[in-house]
Every structure is written in C-alpha cells, then in structure tokens.
Amino acid sequence: MKILAITARRWEGTYGGGWELYDGDLILTQVARLEDARQQVIDYLDTIDPKISHDGWDIRIASTL
C-alpha cells in the first residue's frame, strides 16, 4: 500500500479561506474544509494519473496549526 504524507497549511482570503495541501514542498491542490482534504488529494491524483486507483492509498493529513 502506498503511503502519502500531506501537510495542510491554512490560508485566509477575502471570501473566506481554506487549506493548501502539500506533498513535501510541492503544493498539490487546495480545499475549503480540512475534513475534505483526503478526498481532494485522491481526486487530484486520479486526475493526473487516471490509470491508478488512489482510493486504497494511506493518505495522512497533518495540519500546521
């Protein structure tokens, strides 16, 4: 099983805020609610590599707060 450690960094904007999701120093995607982060990462990975199913990956989300 593939393990992916993601760091969620909070940002605030004019119309609310959200979370930037990083794999090391590489930003993968963003999400409005932290509880949606795992699915957002799966959706992103499925978009860039649709031949692989990422649903079974162990994606660990850690926030910087």
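Leaving aside neighbours within four places in sequence, histidine 54 is in contact with Ile42, Leu45, Asp46, Asp49 and Ile59, where contact means heavy atoms within 4.5 Å. The model is a predicted one, in which local features need pLDDT of at least 70 and side-chain atom pairs count only at pLDDT 80 or more, while totals for chains, interfaces and linings use all residues. Residues are numbered from 1 along each chain as its sequence is written, and side-chain values use heavy atoms, with hydrogens and water left out.

Histidine 54 belongs to the loop between α1 and β4; helices (H or I, at least four residues) and strands (E, at least two) are DSSP runs, numbered from the N terminus. Is histidine 54 buried or exposed? Histidine 54 counts as buried because its relative accessibility is 2%, given that buried means under 20% relative accessible area, exposed over 50% and partly exposed in between, with a 1.4 Å probe and protein chains only.

The side chain of histidine 54 takes part in a polar contact of 2.5 Å with the side chain of aspartate 46, and it also reaches the backbone oxygen of isoleucine 52 at 3.2 Å. A polar contact is a pair of N or O atoms within 3.5 Å; within protein, one must be able to donate a hydrogen and the other to accept it, and residues adjacent in sequence count only if both atoms are side-chain atoms. Histidine 54 and lysine 2 are 52 residues apart in sequence, yet their C-alpha atoms are 8.7 Å apart in space.

**The sheet and the helix**

The chain has one helix and four strands, and from the N terminus on its elements follow the order β-β-β-α-β. In the sheet, which is open and has mixed pairing, the four strands are arranged as β3-β2-β1-β4. Its edge strands are β3 (26-31) and β4 (58-63), each of which pairs on one side only, and the twist averages 30° from one strand to the next. Two strands pair if DSSP finds at least two bridges between them, and the table sets out the pairs of this sheet.

| Strands | Direction | Bridges | An example of opposite residues |
|---|---|---|---|
| β1 and β4 | parallel | six | alanine 5 and arginine 60 |
| β2 and β3 | antiparallel | five | tyrosine 22 and isoleucine 27 |

Alanine 8 likewise stands opposite serine 63 in β4, and the bridge partner of glutamate 12 is glycine 17 in β2. A hairpin of two residues leads from β1 to β2. The hairpin of β2 and β3 also has two residues between the strands, and there glycine 24 takes a positive phi near 70°. In a regular strand the side chains alternate between the two faces of the sheet.

Helix α1 (residues 37-48) lies across β1, β2 (16-23), β3 and β4, and runs at about 120° to β3. Here axes are lines fitted to C-alpha atoms, for helices over the stretch in contact, and angles run from 0 to 180 degrees between N-to-C directions.

**The chain as a whole**

The radius of gyration of the chain is 12 Å, which agrees with the value near 11 Å that a compact globule of 65 residues would have; this radius is taken over C-alpha atoms, and the globule rule is 2.2 Å times the number of residues to the power 0.38. Along its principal axes the C-alpha trace spans about 35 × 20 × 20 Å. Of the 65 residues, 26% count as buried. Among contacts in the chain with a separation of 6 or more, 33% are accounted for by residues 24 or more positions apart.
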